[in-house]
Amino acid sequence: MSSPFADVAIVPVLTAPTASAAVIAGRALQRAGITCVEVTLRTAAGVDAIAALSEHTNLFVGAGTVLRPAEVDAVAEAGARFVVSPGLDERVVEATRRHGLHPLPGVATASEVQRAVGLGLSTVKFFPADRLGGLETIKALSAPFREVQFVPSGGISHHNLTAYLAHGAVAAVSGSWVAPSGAVAAEDGQAIETAATTAVETLVAAGFRVPLHPEN
Ligand code: 3PG
């Protein structure tokens, strides 16, 4: 299964207190030109939010903070199309594949990248990116793991997303800065649209084709 993440540029991380707040945020992201959203299971509304976004938006909706195989079953039922975890758990990857969804497990070390490669994965989340040395660490890891694509997450913002995306080993960037939790909880779609529009405009100004990753 090919990775869809190279086509989205930005994977917003959305943590919503209610499904309706998630839909308001998702519609705002969509108005800004964002095509994808990762809904975390950090609130009790996570699974319902995935179902609501799948029904009411055209976004490529995935689940985040997925820690257990049973959660994969729940988010698959809700309509998630990809499954993100902070770390690498073979059981979660296997459950994700069983449902025909895209796994995006997190890695932080060369050993974890190697385990991911051993599982046949070619795209992994790099988390928490800023605490692990950011782009310089991705460059170091991509030297031996030449076929691996990274989705850095943790500390990404308007200030560094183009630097990450300009590197050939970076498939997309991920983070909550385009859907700030305060704005999501306040159901402030305008604030989310403004943050997401700034992100998209930053990419366009840097010469990236949005939402597609530049071909180079
Ligand atoms: C996460 O899963 O928490 C993401 O890495 C988001 O990190 P951020 O809030 O620093 O963007």
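A: The span expected of a helix is 1.5 Å times one less than its number of residues. The model to which this is applied here is a predicted one. Helix α9 runs over residues 189-205, which makes 17 residues. From its first C-alpha to its last, α9 reaches 24 Å, close to the 24 Å expected at 1.5 Å a residue.

Which residues of α9 are buried? They are Gly189, Ile192, Glu193, Ala195, Ala196, Ala199, Val200 and Leu203. Around the axis these residues cover an arc of only 165°, which means that they lie on the same side of α9. As a general point, an α-helix has 3.6 residues a turn, so residues three or four places apart point the same way. On the other side of α9, the exposed residues are Gln190, Glu201 and Ala205.

The cover over the buried residues of α9 includes strand β1 (10-14) and helix α1 (19-31). Helices α7 (161-165) and α8 (181-185) are also among the elements that cover them. Just after the end of α9, Gly207 takes a positive phi of about 90°.

Helix α1, one of the elements that cover α9, holds Ala22. Because its relative accessibility is 0%, Ala22 counts as buried. With neighbours within four places in sequence left aside, Ala22 is in contact with Leu14, Ala16, Ala49 and Leu53. Ala22 and Ala179 are 157 residues apart in sequence, yet their C-alpha atoms are 9.8 Å apart in space.

Helix α2 (residues 46-56) contains Gly46 and Ala52. Gly46 has a relative accessible area of 2% and is therefore buried. Beyond its neighbours within four places in sequence, Gly46 is in contact with Val39, Thr40 and Leu41. Gly46 and Thr65, 19 residues apart in sequence, are 9.8 Å apart in space, C-alpha to C-alpha. Ala52 has a relative accessible area of 13%; the cut-off for burial is 20%, so Ala52 is buried as well. On the same terms of sequence separation, the contacts of Ala52 are Ala19 and Val23. Ala52 and Ala140 are 88 residues apart in sequence and 40 Å apart in space, C-alpha to C-alpha.

Ser85 is in the loop between β4 (82-84) and α4 (90-98). At 7% relative accessibility, Ser85 counts as buried. Its side chain reaches the backbone oxygen of Val66 at 2.7 Å. Not counting residues up to four places away in sequence, Ser85 touches Val66, Val92, Leu104, Pro105, Gly106 and Lys125.

Lys125, one of the residues touched by Ser85, is also one of the residues around the ligand. An oxygen atom of the ligand is 2.7 Å from an N or O atom in the side chain of Arg42. For the side chain of Lys125, the distance from an N or O atom to an oxygen atom of the ligand is 3.2 Å. Taken alone, the ligand exposes 310 Å², and the protein buries 79% of that.

Note on methods:
Residues numbered from 1 in each chain as written. Predicted model: local features only at pLDDT ≥ 70, side-chain atom pairs only at ≥ 80, totals over all residues. Heavy atoms only, no water. Helix = DSSP H or I, 4+ residues; strand = E, 2+ residues; numbered from the N terminus. Buried < 20%, exposed > 50% of the residue type's maximum accessible area, 1.4 Å probe, protein only. Arc of directions from axis to C-beta. Contact = heavy atoms within 4.5 Å. Near = heavy atom within 4 Å. Polar contact = N/O pair within 3.5 Å; in protein donor to acceptor, adjacent residues only side chain to side chain. Areas by Shrake-Rupley, 256 points an atom, 1.4 Å probe, with all protein chains shown as cover.
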